[in-house]
Structures are given as C-alpha cells and as structure tokens.
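Please consult the sequence and structure shown here.

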Amino acid sequence: MESKTIDFERGWDHVYKGIKQLRRILEGLPEPLFTSGEYVMLYSTVYNMCARNPPHNYSQQLYDKYREVLEEYITSTLSPSLRGKRDEFLLRELVKIWVNHKVMVRWLSRFFNYLDRYFVDYRSLPALNEVGMTCFTDLVYREVQTNIKDAAIVLIGKEREGDRIDCSLLKNVLDIFVAVGMGSMERYEDDFEADMLRDTGAYYSRKASSWIEEDSCPEYMLKCEECLKKERDRVFHYLRSSSEVKLIEKVQHELLVTYIDRLLEKEHSGCRALLRDDKADDLSRMYRLYCKIPRGLDPVADIFKQHVTAEGTALVQAIGAASNAPGVQEHVLLRKIIELHCKYMAYVTDCFQNHNLFCNALKDAFKVFCNNTGTDSSSAELLATFCDDILKKGGSEKLSDEAIEETLENAVKLLAYINDRDLFAEFYRKKLARRLLFDRSANDDHERSVLSKLKQQCGEQFTSKMEGMVTDITLSRENHAAFEDYLRSNSAAHPGIDLTVTILTTGFWPSYKPCNLNLPTEMIKCVEVFKGFYETKTKHKKLTWIYSLGTCNLSGMFDQKTIELVVSTHQAAVLMLFNTSDRLSYSEIMDQLNSTHEDLVRLLHSLSCAKYKILSKQPDTKTISRSDYFEFNSKFTNKLRRIKIPLPPVDEKKKIVEDVDKDRRYAIDAAIVRVMKTRKVLGYQQLVSECVEQLSQTFKPDIKAIKKQIEDLITREFLERDEENPNTFKYLA
Amino acid sequence: MPPRASKRKSAPPNSSSVTSSDGRSVSNKAKTKGMDKIDRLFNTYANSSLGVIDPEGIEALCSDLGVDYTDVRILMLAWKLKAEKQGYFTQDEWQTGLKALGVDSLTKLKKALPELEKEVEEPSNYEDFYIYAFQYCLTEEKQKSVDIESICELLNLVLGVQFRPQVDSLVEYLKVQNDYKVINADQWINFLRFCKEQISFPDLENYDATQAWPLILDNFVEWMREKQS
C-alpha cells in the first residue's frame, strides 16, 4: 500500500461509504459483511489521513467526525424506537438498541483504530470506546434511565409475587447500567440498586407485618429462609453479585431484626416454647437465621440461658421437696443434673453449632443452680459422694464399664460449674482415702481415669495429692513384699500374727487424729517388729501410727461355731479385752483402752447394739450408757463363716468445711500479698478483682473474707492505706 | 483526763533534764523568769521522787482547773503537750506545752483552755488530735489496738460533740457486735472519715460497701439498715 497524502474530502468520502454500509447491515438489510480487504482499505484510509505531518494530518477532524457519526446514528435510528414504549417493551427495545450500538461502536472503532493508537493519548482525549459510551449515555440512557429502572423493579416485584419473568432480559438491562458506569459501579448503584433496595425493603416490611401476626414462629422462620434463598437466587440470575450483601441485609433487617422480639417471644411457638418442646430443627433454623446478624443471637442465647436455669432450678427444688431417704435423693439429683447437662449440651453442639454465646449461656445457667442444692450438703459434697458411690465396690450402679466411664466423665464436667472446687477436692480426698485403705475401690482403672479427668479439668495442682495417695498404695504393696522377706529371714522377729502395713506419705493424705489407744500386746509386738524392719530401710522418716484406719481379722470362738470377724483395729482392741476378762464395765473398758467417750460409745454400739451382737450388754438397751456392762456373747452365731462388723465413720463434714475455710484464708492472704507485691500500689476494687481472678480456679472467694484479710495484713504491717486516697493500698516491703 | 486504758500503773517515763548548749543543767538561776514559773507550777503537781506529773498530780491539776479529769479538754492539753504516756506529763512536755500555750500560771492556763479547744477544732489540727487520742491509749509496749469499751468512751469524748447521732449508734453497735474485741488504728481513723464524709445519717443511703471501708463499718451499716427496716 502506498503511503501518500490524501485529500480530506476524498478520504472521508471513502470512510463514510463504509459507515453507510455498516448501518445497512445493522438495519438488517441484505448487505454483505465487510471482507478483510475492504476492512484493510478503510483502516488504511484513516491511517493515511492521520499519519501525516500537518497540514495533511486530519486526526482531529476524524476524531470529531467519529463522534458526529455516532451521535447522528443514535438520534436518527436508536432513540426514536424507544419513544412511546413502556415497561417490559421498553426494556426489550432498549436491549435491542444497546446491542446495535455496541456493534456500531465496535466496527467504527476498528476503522478509526489508528486514532486510538496515538492521537488519543497524545491529546489526552477519551478513547473511542469511551466516546461511544458517552454518546449512548448522553443521548439514550439519560432519557430513559428512570423508566427502565422502574420497569425493572416492577418485574422483580412480579417475580416476588410468584410470576415468572424473563431473567435474561433483566440481566441484560442491568448490564447496561453497569456498562454506563464505565468502569465504576456508580450508575448501577445510584440509578438502579438504591431504589431496588428501597423497594425490596418496603415489600418485605409489608409482608413481615402481616406474617408476624398470622404465623407461628416456626412458620415465620420457614418463610424467612425461603425468602432469603429466593433473593440469593435473584442475585445469581440477574442482579450483580455486589448487590448480594446489601440485599440480604435489607431482607434480614425487615424480616428478622425488626420483629426479633415479637418473634422470639411468641407465646406458644416462640423460642421458649421451642426449647420446652424440644424442637431441634426449628431451633437450628433460628440459629442459622440469626447467626449472620450482628448481635442477632444475643436474645436467643439469653432465652436459652433463662430456660436452662429455670429447668435446673425446678429440678433442684422438686428433688429437694421429694420425701426420699437422704442419700438416695441426692444421688438422684446429681444424676438428673447430669442428664439435663447432656440434653442441653446436645443443643449447644447440634442446634447452636458450639457457638461461644451458647456455651457461655449454658455455663452461666448451670452455675446458678448447681451451687444451690437446697439440702444440708453443699453441691461439692454431693458430687464427691456421687463419685464415691460409683467408684466403690457394690456401688449403687450396676453399669457397664463404658456407662461408668461416661457417668464419671459427666460428673467431672459438672465440677466446672461448682464454685467450691476446693471443698470438692477435700471431700473427694477423704472418700478416696477410705476407698483405698479399706479396699473398697471397685476398679483401679476407673479411679485413675477420674483422676486424669480431674487433672485435665482443674489442673495438676488439684490432683497431685490424690495421685500421691494412689502411688502410696502401690508402693506399700511393694514394701509389704520386702517386709515379708524380712520376716522370713528373721524368723525370731515374727510377731505370730499376719501383719500388713500401709505407709502413707503425710501431706498427700487427709490429716488424721492420732490416737493413744492401748493396743493388746499381740498388736504391740506387730508394731515393734515393723518398726524394726522400717529402720533397716530408712532412718530419716518418722512413723506415726493411725490405728483408726486399720482392719483386723479375729476368730470369734462362739459356742456353736467359730466365725471370722472382720473388724476395725479399734474394735479388735475392745474385743480382745474379753480374752482376759469375762465381764467388763464401760469405765473399765475406758480405762484399759484409754479411749475418748465419743469413740468408745461408737465402738461399743457397733459391737453390742447393731446388727451383729458380738458383745452382750446389760442392760439390753439400744444405746450405750456409761453404766453399762459388757460380756462376750458366746451364744452368737450366723450362717456365714465370715462377717464384717461395720463401724460407722464419724461425720467429718464439719471438720472438712472448717479445714477448707482455713485453707481459703491462707489462700486469700497469699493472693493479696502476691498481687500487692507486684503492683506496689493498687486501688481496693482492683485488688479485690485481681484476687478473685487468681483464686477462681479453686473457689469463689467471699468479698468480705478478702476485706478481712486486707485488714489483717494492715495490722501485720504488710499493707497500709494511702493517706491521700483511703481507697488505695500500698505494699510495705 | 482520757480514760485509763489499764488499771495497772505502767512505768512512768524517764524524766530528763534539758541541758543547754554549753552542757550545763538548766536548773540553775540562768533560766528566764518565765521558765522558772513554769517549772514551779510543774513542781506543784509533780511526783518528786519520779520527777514527772503522775496520774494523781493530773487529778489535782484538773480539780484546780475546775475541770473533770475525764473532760476532753485534758486530752486536748495532753495533745498540746505532746504527752507520750497516758497519765503522765514529763517536765519537757510540760515546759514545751505551756510555752506553746503562752501561759505560765494556773489562771492563765485556765483561761487558755477555750482557745485550746478552738485550736483543736481547726480542720488542720483535728485529725491530728483524733489520731493522737487513739495512740494515747496504747499504754503497753507493742500494743496496736484498743479494747472496745475504751474505744466507746473515747469516741464519745472526742467525736461526741460534733457527731452525736453517729457516735451514739456506732457505740451501741460496737457494744453488741461480737466480731471484734479490739479496734486498730486503721479502723479508728476510718470512724472519723465515716463521720466527716457526710454519709447521710441515719439512712446511710450513700454508703458504698464496695469501697475500701473497714469491714467493721460495713457490718455497722448493715446492722443499722436492718434495725430501721
């Protein structure tokens, strides 16, 4: 192709011919498409008119002509076809002319392409595409934008009412809104979306106001779910994805947020009723609907908490009022609480997807009623007794291993809700001691598994003593084997009685009152022999003997037959007195034994007034008095060859509570000192809250107790009140 | 004279003699005439073998002043004298105190008493006096607290005029409660704070137990509220 300068008129003539051809094609007339040769010609013509030095450079004129051509095309051909049309027809026509316009612009731009390459940049002018778009916007869009917006919204409204509409039409129309924005979504958002959202809001507001009156909560929720789904489909089918968030928010606001209270509080079908009637599906739906809404779940969680609290409190009261025998009643209470816990835990996991709000709601609810059993025993004690019942031999449960594990697991979980965890630890420890020492533990594995569960829940410190206790038992067994070896090698030292000694490490075990009972000589010998053995092992440790925890097997030579009696060491000491005396008075026994009145009454009662009367008492009353006389009851017999004579334990409850209170005072004292040592100067309220925080793992301290300790520390000159500000304390190093 | 905290006679303080800068004892005629008079007044009441004014001397002083020995003004005098030991005035204390009062005779002392009252009641002095009253009752070595009965009397004496209703209720409570057998310095100072801080009486509406008030006051307020309901 020769490059030669070309005259403007001639050049433009050529191009204009091409344009006319294009228009005819667009009108649908039987016009052949451009061949590539023709295209090249047109392109080159433009090129020749532009790639010249002035005065033969006609770029500007061509650029202007381009716009003129388009404007002319629009005003003469496109716009007229829109006039007079409304609604869907308008939309269809608009889409049609839009398509035509696009084709026109595309081809024109191809012809005039050379302008785009250099001229446009050189003069910082809008590119040809842009020009094309601007023309359309100015001459077509601006005129019809309101009408098409309205028409589109009407269509959407129809679809909402159930009519089928032409989705692709709508999609195309909305494409125009986007295109007109020329890279930004402003036109789409301002000229269409805003009103569409408003209309949506109004629509759902109307619907909601009638639904909320007529429908039950589940029905309403179902409708909401449906609507939300449909709106999402709408976005998928023709709305822009950027509209989704705003649209859904609008719908949620009208349907769910505005009426949240009325919905949840619906008398027979609201949240409370759903919980009461175990409607898991509906509750799950409620969760799904509200979890996306900020703070939407708060009222739901609140109702859940209230419901659980009410159920739990009612349960506690009902069982408290029932006239079962104590002990049974409390066992039942705990089992029911565990059931309640499992039930509502399932709700939290299944319906409420383990959401934090609901986990906490459950926790708070249980904390309310778990600490208030309405009986004499604290919940800490009840829980410890409950575990003891399961773990001891012949416990009230005849369950499979898995069932036991599960029950224990659930019981330990309850511990998280009890404030007096340290009290539980004490009771548990006491009962564990009895199980271990009197060989009442049903299953070692279960014992260990509970301890590891407790450790997980409450930390290592919580269970370290208990674990020490279990270890002691194991060590004692080993020790016993060594003792037997010792006896074998020193046969002269053998006391003549089989002896097993369990060595307890002080500190692990609960504190026991040592007693100064006079033992029979046979037993004294045993003690001496063991002491001898122990000294060969270590000289650094001191043994303190606690006979109250021992057991003794005696042969009772009754007239009819010899029966083996399994008794406590103290009981044995009493009985053996009768080897040397036929008849003893209370005071004689007292003197010989060197016991306290309290203990002696208990001992004698168990031997003479209980199920098995090994001693006969004169007078034969039901209680022990200090003027009674006792004799060996040789007439006693029983069909069994071996009987156990139980000695009911002293009620240690009061002592345990006292011990724990004392420990708490030390703990509070230590906590205050710890805090003040670090902070040096601290306000009263902050000091209290930090102490509570520090102690929260173990127990919930009484504020008054903290105050008392602070005062005590002031007197002991660890702290002083600030002179300027009496609510602030200073640490005195 | 403030209530005697112990019936036992505690050892009197050492009587010290002031030495002037050249080391000579002051009891020579080089002293000023005024000091002389003060000393002579001192000797009128002092126990000659101990060299200090002892409780008997103070009683005598009281009757000469026309004031009951349980009168608060004697406590104020003790405060002014900065007397360390309850029931005793040393010569130093006597001299310094009377000089500060600007008196050197019995009549002048008598006249100075009302002014002394005013001085004590000045806000800047009052708290000092209040604390002094407590410490004055700590007669044993290492004693840190005062028994309830003495505290009640002290409260009456020291706070009674200004805060009669509070003191009456507080004293009633202290006598019936069982938690505390003695009161320490911290609790004592807080009694004053309680009265001063305009806790509305007797409804005690604006008392806030979540503040760092001593526990005894929390209990007192609880007791008051129960009584009134």
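Glu222(B) and Lys704(A) form a salt bridge whose closest N and O atoms are 2.8 Å apart; the term denotes a side-chain nitrogen of Lys or Arg within 4 Å of a carboxyl oxygen of Asp or Glu. The model is predicted: local features need pLDDT of at least 70 and side-chain atom pairs pLDDT 80 or more, whereas totals for chains, interfaces and linings use all residues. Residues are numbered from 1 along each chain as written, chains are lettered from A and ligands numbered from 1 in written order, and side-chain values use heavy atoms, without hydrogens and water.

Contact means heavy atoms within 4.5 Å, and buried area is the accessible area (1.4 Å probe) lost by two parts on being put together, summed over both.

| Chain B with chain A | Value |
|---|---|
| Residues in contact | 18 residues of chain B, 13 residues of chain A |
| Buried area | about 1,300 Å², 42% on carbon and sulfur atoms |
| Salt bridges | four salt bridges |

Of the area that chain B buries against chain A, 40% comes from Asp186(B), Ala212(B) and Leu215(B), more than from any other three residues.

Beyond its neighbours within four places in sequence, Phe304(A) touches residues including Leu275(A), Tyr344(A) and Phe358(A).
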